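Please look over the following report, which walks through a two-chain model from its overall make-up to single residues. The sequence and structure come first, and the description follows.

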Amino acid sequence: MQEKPILKAPDWGTSVIGYLFLGGLMGGSAILAALAQSNHSKAEARLQRNAALSAFLLAGACPAVLISHLGRPERFLNMLRVVKFKSPMSLGAWALVAFSAVSGLNLVTRSRPLGMLAAAIGAFVAGYTGVLLSATAVPLWAKGKYHIPAISLCSAVSGACALQNLLLLRGDNGAARERLERLEIAASSAELLLLLSFERFSTQLGAPMWQGARGRRFQMVTMRLGLLAPIAMHAALLFSYRSRGATPLRALPSLLSLCGGYVLRETLVQAGKESAAQRAPALRQVR
Amino acid sequence: MSTGFFTDTTLCIGCKACEVACKQWNELPSDGFEFTGESYDNTTELSATTWRHVSFSEKVERKPELPYPQTRWLMSSDVCKHCTHAGCLEACPTGAIIRNEFGNVYIQPDVCNGCGYCVPACPFGVVDLMQMVGGKDGDPKYNTNVLRADRMEHTAVQAIGGIAGKCTLCYDRQRSDLEPACSKACPTESIQFGDLDELRERARKRVEQLQGRQVQARLYGVDENWSVGTLGAFFLLTDAPAEYDLPERPVLPSTHQPAAYASAAVAATALFLIGSLIFTRS
């Protein structure tokens, strides 16, 4: 007999998972645009332009995905009735609106302060989704309050590095791509360590995330193929960078990293929903 | 003045008059019907369209003086707790969930946009989304076809989108100086409605009376120091809260926010510093 759940899981599915992923890429791209602004080589100027443009385009895609979840488009406007500092969802909606405006202006003016502001709001958007998950009664998410927001940010930056790397694949952009890959190695390594730490910290609450069919998929697609493999490939290629042009092989680590980032969000959401259905942790509740 | 419910589970006879009265007054649709095989409980849970739920917990006990095991029921009419610090109210991004003039937690259906964030923000698992379809007059109507399937599968059918639903503490009746439908219908006064201070005083006396008869009675949601605060709908229990499907010590989800924001801030700062180092090196 199936045990009777205490808590209710949200009905979030593909659209919310997609938003978590795209919001991360958006925030990460804004951070990269700001970082690339500090340098003036041609390749970095291209990176800055690409990153700022992708951030702006993703800022259009994110509300579209969210609205599809709400059923009726005009209902998104209800989010803009009030500002509630206690509600990560409210702050996030406002941050998305602010980001659209700032990243659009940034695209036109390319001023340094605007770029930094876009990066700051982008970092908030990439991180608040982790806070939003943690500030619930769902045992796995609440237990992850020290880990999930940081993991979201690391994954946002590593995913954005992978995306920008793909966009710079053609042409003489070795200098910018080398920097992207160094940053991706750092972000992915931090993400991997945080995930391993979360696995130990979450003890039996983490079972829906690391065990069973979903857990095996997560370990393979996100941990091994999405983090470990790109780190190793980038590290191996770093030493031979400028000498070689683009080959299809160069796209592989970036594609793996992006797939891993999506599966990370999917696993977090679905495993959280499963953990909400378990009786014992719901009756004890996470402090 | 705040109003609320005192549910004295020792008086509950499991008649489900509260469930029926609630459904009728609030015009909540049927959730379908199936025999669960779990005692007399075929309602199974509170949901967006079930705002009172009588739970039946069967306790089988063996006494040395009797040759057969004895079964007794812990019956309790569960409802939204109308927390002093409500997780759903804090989480709601639209301001649809408010505290009304009676001190109750109320969802304004015309403001709710169905984002669903209040659902995991409730530490008691009370709030849920109901699916709506467009009516002829343009007003949303319950999509009764998907209600039951939706609850079981947790897959949303979004013709027009969902809205959150839970006990309103009969806001409309209170505004007309009527008591809520469930307490009005309760034949044993297991559900009592009134001013919370008065109800608490009455409940404490009831606990003393029961303890005098060697009944292990305790109140749930009155004197504990919980992050959700005292409960606007509190209970008198004679067993562990878990036996009534209630958490031992409910936690307000927003208490996780400082740690979570700190985690994000530390990660963002570290990543930006590392990024700056990588991008400024020539």
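## Where the chains meet

How many residues of chain A are in contact with chain B, and how many residues of chain B do they touch? In this model, 59 residues of chain A are in contact with 54 residues of chain B, where two residues are in contact if their C-beta atoms, placed from the backbone, lie within 7 Å. On the side of chain A that touches chain B, two or more residues come from each of helix H1 (14-37), H3, helix H4 (112-134), helix H6 (148-167), helix H7 (174-201) and helix H11 (279-284) of chain A. The residues of that side divide into 33 nonpolar, 13 polar and 13 charged; here Ala, Val, Leu, Ile, Met, Phe, Trp, Tyr, Cys and Pro count as nonpolar, Asp, Glu, Lys and Arg as charged, and the others, Gly among them, as polar.

## Basis of the model

The model is predicted, and local features need pLDDT of at least 70, while side-chain atom pairs count only at pLDDT 80 or more, and totals for chains, interfaces and linings use all residues. Residues are numbered from 1 along each chain as its sequence is written, and chains are lettered from A and ligands numbered from 1 in the order in which they are written.

## Overall make-up of the chains

Chain A has 11 helices and 0 strands, and from the N terminus its elements run α-α-α-α-α-α-α-α-α-α-α. Its radius of gyration, taken over C-alpha atoms, is 19 Å, close to the 19 Å that the globule rule gives for 287 residues, so chain A is as compact as a globular protein of that length; the globule rule is 2.2 Å times the number of residues to the power 0.38. Along the principal axes, the C-alpha atoms of chain A fill a box of roughly 60 × 45 × 30 Å.

Chain B, by contrast in its elements, has 8 helices and 11 strands; helices (H or I, at least four residues) and strands (E, at least two) are DSSP runs, numbered from the N terminus. Buried residues make up 59% of the 287 residues in chain A and 46% of the 282 residues in chain B, where a residue is buried if 20 or more other C-beta atoms lie within 10 Å of its own, exposed if 12 or fewer, and partly exposed in between. Of the contacts with a separation of 6 or more, residues 24 or more positions apart account for 77% in chain A and for 64% in chain B.

## Two helix pairs

Within chain A, the axes of helix H2 (residues 42-70) and helix H3 (residues 88-109) come within 9 Å and cross at roughly 150°, the axes being lines fitted to C-alpha atoms, for helices over the stretch in contact, with angles that run from 0 to 180 degrees between N-to-C directions. That angle makes H2(A) roughly antiparallel to H3(A); angles under 35 degrees count as roughly parallel, over 145 as roughly antiparallel, 65 to 115 as roughly perpendicular and the rest as oblique. The residues of this contact divide into 10 nonpolar, 4 polar and no charged, and those from H2(A) include A:Phe56 and A:Cys62, while those from H3(A) include A:Phe99 and A:Leu107.

Between the chains, H6(A) and helix H8 (residues 257-280) of chain B pack at an angle of about 30°, with their axes 7 Å apart, and the two helices are therefore roughly parallel to each other. By class, their contact has 11 nonpolar, 1 polar and no charged residues; among them are A:Leu153 and A:Val157 in H6(A), and B:Val266 and B:Leu271 in H8(B).

## Selected residues

A:Val102 lies in helix H3 of chain A and is buried, with 23 other C-beta atoms within 10 Å. Leaving aside neighbours within four places in sequence, A:Val102 is in contact with A:Leu114, A:Leu117, A:Ala118 and A:Ile121. A:Gly261, in helix H10 (residues 248-276) of chain A, is also buried, with 30 other C-beta atoms within 10 Å, and, with the neighbours within four places again left aside, A:Gly261 is in contact with A:Phe21, A:Gly24, A:Ser155, A:Gly159 and A:Gly226.

In chain B, B:Thr44 has a positive phi of about 70° although it is not a glycine; B:Thr44 sits in the loop between helix H1 (17-25) and strand E2 (52-61) and is partly exposed, with 17 other C-beta atoms within 10 Å. B:Gln214, in the loop between helix H7 (196-212) and strand E10 (218-220) of chain B, has a positive phi near 65° and is exposed, with 7 other C-beta atoms within 10 Å.
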